[in-house]
Amino acid sequence: MTTWARYFDERLETMPPAWTRRLEEERLAEQLARCYERSPFYRRKLEEAGLRPEHVERVEDVARIPFTTKDELRAAQAEDPPFGDFACADVIEIVRIHLSSGTTGKPLVIPYTERDVATSAEVGARAVWAAGVRPDDTVLHCLSYSFYTGGLSDHASLEATGAAMVPVGLGQSARILELWRELRPTALFSTITYPLHLAETARERGIDPRDLGLAKLVVTGEPGGQVTATRRRMEELWGATVTDTYGLSDVWGTLAGECEERNGLHFSGQGATLAELVDPETGDPVAIEEGARGELVFTHLYREAAPLIRFRTRDIAEILGLECPCGRTGFRFTVAGRSDDMFRVRGVNVFPSAVEELMREQGVDRFAIVLETFPVEPPVRILVEGVNGRERELAQAVRARLDFTCEITAATLPRTEAKSKTLYRVYDGEEAPA
């Protein structure tokens with residue numbers, strides 16, 4: 001049996017913090033100078049703050065630069081299509097165009113230069129290598145190959161590890177099972193939702209998923225990979241090890257991965273992306289240290305076509321540590337959820353991921369939270385499939401754990417291979433399942 005190296009890029013992944021900081025400051029200076037010269041959008045931002053690139057010398061100085069939001073970028077592209085005036089590359093330099101997911105509004109058009117494509121693949125490869133992908137794996141890549149970043153960018157990251165990557169996409173579940181013996185996959189890369197769907201498809205054909213011999217489930221795109229009950233459910237279902245990754249289509253494909261310690265996601269964007277933590281309400285900086293909690297903010301250090309400077313992700317992270325027995329020095333974190341998914345019930349803040357954890361512990365795979373009014377008033381309606389008369393028991397568990405009152409309703413929820421939707425804001429015009 002081949003023994004593979006622990007790291008994809010040992011130099012960067014184990015770099016002492018002082019060295020990482022020096023690299024970040026060197027590339028930050030280059031990036032800001034480039035943005036000031038080539039992007040009217042960023043030149044305006046800096047000038048309105050009374051700044052020039054040379055005023056930002058240290059990592060701490062970044063906090064002087066105004067945030068960039070997705071709404072601003074959308075407006076810039078509407079005014080100056082297709083890429084907006086924050087782009088820093090000429091059309092002739094663009095070799096690929098993606099769209100952001102658009103789950104919270106109109107998607108962004110995201111151009112890549114040849115170097116951007118290579119950087120994205122490298123950052124992602126560090127993450128999926130940490131999550132267990134190796135050159136002797138055959139990986140089923142089951143994300144949409146549509147317009148969006150995850151398909152092709154993560155495809156390239158998986159290939160960069162040296163693994164045999166099977167470009168499956170979505171809508172091929174029956175075909176995968178038919179070809180399983182020929183492909184002999186050892187790993188699957190997908191959202192959390194997809195392995196549940198594939199397992200159901202297998203059972204409908206009289207196949208126990210555990211008999212298929214899959215060793216690794218590497219998940220992305222949904223918060224369930226860090227939910228203990230969800231991880232346990234997936235591992236029991238498949239007899240495979242589950243590891244989590246994190247990415248953001250606006251930033252790169254994948255930029256964090258969980259190592260064999262399975263104690264948080266390691267940031268893998270060293271040298272390519274500067275990470276900050278801020279208070280989601282005030283925007284004040286929050287030190288990245290064990291126990292800290294805040295919104296992730298990213299600045300591209302090594303992106304040419306459409307760099308983002310202090311981009312607010314709306315993802316709320318908790319820092320689990322700065323060191324790890326695996327030797328990686330990328331900080332470890334978990335994502336609690338998105339600030340724009342969080343809802344408040346009479347002063348109690350609730351993330352859908354917290355509801356998911358409880359439901360998984362109760363053996364429930366499909367649920368949907370339906371918010372009918374704003375402000376949200378109890379009881380909150382939660383649709384649940386397969387409860388078998390346990391509605392009252394589940395409602396009591398929600399009240400005891402999450403401190404809000406709900407009404408559990410048995411329902412048949414939509415089947416999907418892509419991300420499952422678990423939050424419906426009816427008051428905002430969304431249509432909930434019947």
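Predicted model: local features only at pLDDT ≥ 70, side-chain atom pairs only at ≥ 80, totals over all residues.
Strands are DSSP runs of E with at least two residues, helices are runs of H or I with at least four, and both are numbered from the N terminus. Residues are numbered from 1 along each chain as its sequence is written, local features need pLDDT of at least 70, and side-chain atom pairs count only at pLDDT 80 or more. Totals for chains, interfaces and linings use all residues, while side-chain values use heavy atoms, with hydrogens and water left out.

Most residues other than glycine have a negative phi, and most peptide bonds are trans. Arg 262 is not a glycine, yet its phi is positive, at about 50°. Its relative accessible area is 32%, which makes Arg 262 partly exposed (buried is under 20%, exposed over 50%, partly exposed in between; 1.4 Å probe, protein chains only). Arg 310 also is not a glycine and has a positive phi, near 50°. Arg 310 sits in the loop between β11 (293-300) and β12 (311-321). Its relative accessibility is 2%, so Arg 310 is buried.

Helix α11 spans residues 352-361 and is mostly covered. Seven of its 10 residues are buried, among them Pro 352, Val 355, Leu 358 and Met 359. The buried set also includes Glu 356 and Arg 360. Just after α11, Gly 363 has a positive phi of about 80°.

Two cis peptide bonds follow. One joins Phe 374 and Pro 375, with omega about 0°. Pro 375 is in the loop between β16 (367-371) and β17 (380-384). The other joins Pro 378 and Pro 379, also with omega about 0°. Pro 379 is placed in the loop between β16 and β17.
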